[in-house]
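Good morning, and thank you for making time on the agenda.

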Amino acid sequence: DTFMSGIIWGLLAAVFIGTSDAVARSTTQKVSISILILAVMSLSILGLSLLFLLTDDWPRWHAYAWAVSAASGALNIVALIFLYKALERGPVAVVSPAASSFVVMLVAMNAFAGQPFSLAQGLAIVLVFVGVIMLSRPAKNRDSEPDHDAAWLRTTALLGLAAAFIVSLRMFFAQEASAELGPMPALYLNRMFALISVLVLVAWQLQKGQKLKMPKGKVAALVLAQATLEVAALWAFLTGSQGDGRIAASIGFAAFAAITTITAWLWLGEKVAPQRWIWIAVIGLGIM
């Protein structure tokens, strides 16, 4: 049914964005954040433009859908600045759970907008959100995460929560556009307006005389992978949001916190305190 389909597409989006954020933990330390966002949006637009050239299915004009796409694209840049700054600080096991709390805000927005809402979904949200809160707490054993004190973790979590608030708004606007145009045209408009926004930001930084770090060598390949995963995530999320699947896709997407933590642990060798695995399991239970 629509609910299960939305959950599955949301989980697929979570796998894509969770892996992308783990890659961002590495790229944000080597490339200026505005240049990183510019690269991600440029590569996204290039790939989608080639797809639309082949299908000749360009986004049709719809005043409301284009307006909310413009808002979603601009907010996308602000959200990524907060998120990438948090990921640059680390640890990932705090950033992604805090950022994933956007699902509570997004589900609330959709419920107020008249989307179907049930007690089971409410319980799922509670489980996910409790897991997010507990994951953001300092480790009991300082030896398991020796690099970060309570103040550092608190600031990182606040940056993640700021990203979550903005992401909830931009995802809601993206869902609104997708309801009118379909997932792929909505995705294209989101990327287009995000690209325009980040070009303005980069031009302002250059005009101010700021020196921006560019991706080189292996880092450029990581940026390409990050862009591909990020655009795949939003496409899967918008596909799952069709019809009455908007709340289900939002809940499934919240699993990206656990995906990012696991990827950072396996790929980057980032230390994860034993208690965090318990709360990752709680988040997984909430999704199921």
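This is a predicted model: local features need pLDDT of at least 70, side-chain atom pairs count only at pLDDT 80 or more; totals for chains, interfaces and linings use all residues.

Rolling a probe the size of a water molecule over the atoms shows where empty space is left. The structure contains 1 cavity of 30 Å³ or more. The volume of the largest cavity is about 210 Å³. Which residues lie nearest the centre of the largest cavity? They are Ile17, Leu83, Val167, Arg170 and Phe253, out of a lining of 18 residues. Two or more lining residues are contributed by each of the elements α1 (2-27), α3 (63-89), α7 (150-181) and α9 (218-240).

I turn now to the salt bridges. Side chains of opposite charge can pair when their charged atoms come close. How many salt bridges are counted here? The count comes to 3 salt bridges, and I shall take each in turn.

In one of them, the side chains of Glu88 and Lys85 meet at 3.6 Å, N to O. Both residues belong to helix α3, where they are 3 residues apart, about one turn of the helix. Glu88 has 28% relative accessibility and therefore counts as partly exposed. Lys85, at 39% relative accessibility, also counts as partly exposed.

Another salt bridge joins the side chains of Arg246 and Glu176, at 3.0 Å, N to O. Because Arg246 lies in helix α10 and Glu176 in helix α7, the pair ties together parts that are 70 residues apart in sequence. Are these two residues buried or exposed? Arg246 counts as buried because its relative accessibility is 5%. Glu176 counts as buried at 16% relative accessibility, the cut-off for that class being under 20%.

The remaining salt bridge is between the side chains of Glu230 and Arg191, which meet at 2.3 Å, N to O. Glu230 is in helix α9 and Arg191 in helix α8, so this pair ties together parts that are 39 residues apart in sequence. Glu230 and Arg191 are both buried.

Arg246 brings me to its helix, α10, which spans residues 246-253. Why may one call helix α10 largely enclosed by the rest of the structure? The reason is that 8 of its 8 residues are buried. Those residues are Arg246, Ile247, Ala248, Ala249, Ser250, Ile251, Gly252 and Phe253.

Finally, the surface. A nonpolar patch is formed there by Leu43, Leu46, Leu50, Leu53, Trp58 and Leu224, with about 580 Å² of accessible area together. Which helix gives the largest share of the nonpolar patch? That share, 4 residues, comes from helix α2, residues 33-55. Leu50 is located in helix α2.

One further leucine deserves a remark. Leu199 is placed in helix α8, which covers residues 183-207. Its relative accessibility is 44%, so Leu199 counts as partly exposed. Leu199 and Ala163 are 36 residues apart along the chain, and their C-alpha atoms are separated by 20 Å.

That concludes my presentation, and I welcome your questions.

Notes. Residues are numbered from 1 along each chain as its sequence is written. Side-chain values use heavy atoms; hydrogens and water are left out. Buried means under 20% relative accessible area, exposed over 50%, partly exposed in between (1.4 Å probe, protein chains only). Patches are made of residues with over 30% relative accessible area and no salt bridge: like charges are joined within 9 Å, nonpolar side chains (Val, Leu, Ile, Met, Phe, Trp, Tyr) within 5 Å. Accessible areas come from the Shrake-Rupley method with a 1.4 Å probe; for residues, only the protein chains shown count as cover. A salt bridge is a side-chain nitrogen of Lys or Arg within 4 Å of a carboxyl oxygen of Asp or Glu. On a 1 Å grid over the protein atoms alone, a cavity is a set of points where a 1.4 Å probe fits but cannot get out, and a pocket is an open set with protein on both sides within 12 Å along at least five of seven lines; lining residues have an atom within 4 Å of a point. Grid points are joined across faces, edges and corners, and a volume is the space filled by probe spheres set on the points.
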